[in-house]
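Biologist: Can you put the model up? I'd like to go through it with you.

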Amino acid sequence: MNTDLSAYKDAFLAEGTDLLTSLNQNLLRLEKDQKNKELINELFRIIHTIKGMSATMGFEKVTKLSHELENMLDKIRRDLSLLTPDIIELLFEGTTRFENLFDEIRTEVKPDAKKQDLQGHKLETVRINVNLLDKLVNLTGELVIGNARLKNLASNYHNDELSRFLDGFNRTITDLQNMVLSARIVPVDNTFNRFPKMIRDLAREQEKEINFILEGKDIGLDRVILEEINEPLVHLLRNSVSHGIEKPEERIQKSKNRVGNIFLSAKRERGYVVISVKDDGKGIEPKNIINTAVKLKFITQEEALKLSPREAIMLIAKPGFSTTDSTTLVSGRGVGMDVVKTRIEACGGTVSIESEPGKGSTFILRLPLTLAIIQALLVTVEKEIYAIPLLSVKETLITNKHHISPDEKFVNVNSENLPLINLYKILDLPENGHKKSEECKIVIIEIANKKIGLAVSSFLSQQQIVIKPLGFLGKKIKEFAGATILGTGKVALVLDINALVN
Amino acid sequence: MAKKILLVDDSAFMRMMLKDILIKEKYTVVGEATDGKHAAGKYIELKPDLVTMDMIMPEMNGIDAVKEIKKNDPNAKVIMVSAMGQQSLVDEAIQAGALGFIVKPFQAQQVIETVKNILGE
């Protein structure tokens, strides 16, 4: 198979990525259920499949890694007592290494194309107008949609030659799409490299000692998104310096190192980029947040009791939450947090906060790699098809009707009561037979530390979609982030999860 | 008439690769199965001239699937295609009734030769 392996690269990456996802899921299960031999067999099978695929493609690093993990799992399945938390950790690390290797493969340019053109001259970089680039992305998006339609039409003809041609055509378009998109992607370092100086200056100004650590500078992100998140990142970093990290004396008193740490890191996680700002400072005390929120009449005393600590912390992202006199109470974390949240969500991303009082806080931004093309879960609600951005989908499940409260406002998942949104109600669709069924299909979404169930009629598929803006119409209908054209030529609306949840 | 081949592999990528190689040589891929259980059913349904069989799969592994297929049709022609190349497993597969063994990663030429050989072409 030395002919032209590059044509198979996408197929390899697509299936490989799915395999990594189930690898991760099974590892998480194994962590909780360490005596389960079936899980070990499943892990072995997944890694074995990766090995076979990568060996065929000639991806030596992937093959070597899978070979090692396979050997390890083979020993474990013969003797379960070998499985220790350390080993599970090692397997998780292996998954991360797979992810990184896949990223390398994904962004790899053919060496001969990189170095020389036809005449043997060295190719120089060319500058290209960003507007032109945006147009190229949009046109490629149209091609992707057109191709999906073509495939759909062709399936009516059962012509082998046609479908073989279309398979090849499909690969070319996918390659084109990846290349055009990668041209828009720039390393986060373009923005990150300004921060060390900013932190140093701020620290000096406020008489703090701070060690600033940058990680994942090479990770790429859509140029537009990177521009959009610059300001939110400045906000978060400033907050970490001003309200997170304590003064040296205070840190020593708390028997912490006098020098505080702030980490800014970017990493790829499946199709997303996760950027986090982490400090080892004061942290956020949920009780203080709740008290302030009640005082400011954001929530009632009753509502306050229902909040989990994670949900309570997110209150600081409510517009107008922070007031100057609450600074001491909540470490002033509210400064601009609502702005941060709005901006990140506008890019199709999510914000979550983790904090341990006394130990520090982490602000986590999850962002799509690009704005125009996203992974989505297609569902039907009654007879209509809707797309849900996969970024916010936690899981899908089919549950029995008795797990849903009589008023249909809550669904019980793993003995946790989650708020339930009935899409057909919100979208004002006529219901037919929806209620009669014993089984309920639920999409669990997680956004801003909050989990919510969406009741749908059926799950269709998971696929890449090209989002088209709705134009003036869309401004009136806040539940939708845009529309997409499916392979059948039908239009599906893309749900705006943030708007729905709020 | 073009010989009919059934592909059994849990990896869509591997099936696509094998399919492309075989189609180029004018074979007809009549069906695909993703695990041993389905393979046995599809064999009865499609009556292929040859089966390529992966070894490690969910539900029923390749070796058990070969046994199952052979139970129904002692003349069934099955080639194992697997990344497991240990002699003991090759032996086990041959004992189960497989007629050939291709170790992943494979070369197109090697696949074609093995297939032709088993089909007596």
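Modeller: What follows is a walk through a predicted model, taken topic by topic.

Biologist: Start with the two chains. How many residues of chain B are in contact with chain A?
Modeller: On the chain B side there are 15 residues, and they are in contact with 13 residues of chain A.

Biologist: Which element of chain B gives the most to that side?
Modeller: That is helix α1 of chain B, residues 12–24, with five residues.

Biologist: And how do the residues on the chain B side divide?
Modeller: Eleven are nonpolar, two are polar and two are charged.

Biologist: Staying with chain B, what order do its elements run in?
Modeller: From the N terminus the order is β-α-β-α-β-α-β-α-β-α. Chain B has five helices and five strands.

Biologist: What share of chain B counts as buried?
Modeller: Chain B has 121 residues, of which 43% count as buried. As for contacts in chain B between residues at least 6 apart in sequence, 61% of them join residues at least 24 apart.

Biologist: Over to chain A, then. At what angle do α3(A) and α4(A) cross?
Modeller: Roughly 165 degrees, with the axes of α3 (residues 60–78) and α4 (residues 85–107) of chain A coming within 10 Å. An angle over 145 degrees counts as roughly antiparallel, and α3(A) and α4(A) are therefore roughly antiparallel to each other. The crossing of α3(A) past α4(A) is left-handed.

Biologist: Which residues make that contact?
Modeller: From α3(A), A:Lys61, A:Val62, A:Leu65 and A:Leu69; from α4(A), A:Leu91, A:Gly94, A:Arg97, A:Phe98 and A:Leu101. The residues of this contact of α3(A) with α4(A) divide into six nonpolar, one polar and two charged.

Biologist: What about α1(A) against α4(A): what is the angle there?
Modeller: The axes of α1 (residues 6–32) of chain A and α4(A) cross at roughly 165 degrees and come within 10 Å. So α1(A) and α4(A) are roughly antiparallel to each other. Their crossing is left-handed.

Biologist: Which residues of α1(A) meet α4(A)?
Modeller: Among them are A:Leu13, A:Gly16, A:Leu20, A:Leu27 and A:Glu31 of α1(A). On the α4(A) side, the residues include A:Leu91, A:Phe98, A:Phe102 and A:Arg106. A:Leu91 and A:Phe98 also take part in the contact with α3(A). The residues of the contact of α1(A) with α4(A) divide into eleven nonpolar, four polar and four charged.

Biologist: Now the sheet in chain A. What is the strand order?
Modeller: The order is β2-β4-β5-β7-β6 in an open sheet of five strands, with mixed pairing. The edge strands are β2 (210–215) and β6 (350–356) of chain A, each pairing on one side only. From one strand to the next, the twist averages 10 degrees.

Biologist: In what sense do β5(A) and β7(A) pair, parallel or antiparallel?
Modeller: Antiparallel, over eight bridges, between β5 (residues 272–279) and β7 (residues 360–368) of chain A. A:Val273 stands opposite A:Leu367, which lies in β7(A).

Biologist: Which strands does α9(A) touch on the sheet?
Modeller: Helix α9 (residues 195–205) of chain A packs on the sheet and touches β2 and β4 (260–269) of chain A. The direction of α9(A) makes about 165 degrees with that of β2(A).

Biologist: And α10(A), which strands does that helix touch?
Modeller: Helix α10 (residues 223–244) of chain A also packs on the sheet, touching β2, β4, β5 and β7 of chain A. The direction of α10(A) makes about 175 degrees with that of β7(A).

How values were computed
Residues numbered from 1 in each chain as written. Chains lettered and ligands numbered in written order. Predicted model: local features only at pLDDT ≥ 70, side-chain atom pairs only at ≥ 80, totals over all residues. Contact = placed C-beta atoms within 7 Å. Helix = DSSP H or I, 4+ residues; strand = E, 2+ residues; numbered from the N terminus. Nonpolar A, V, L, I, M, F, W, Y, C, P; charged D, E, K, R; others polar. Buried ≥ 20, exposed ≤ 12 C-beta atoms within 10 Å, placed from the backbone. Axes fitted to C-alpha atoms, helices over the stretch in contact; angles between N-to-C directions. Parallel < 35°, antiparallel > 145°, perpendicular 65-115°, else oblique. Left-handed = near helix turned anticlockwise from the far one by under 90°. Pairing = 2+ DSSP bridges.
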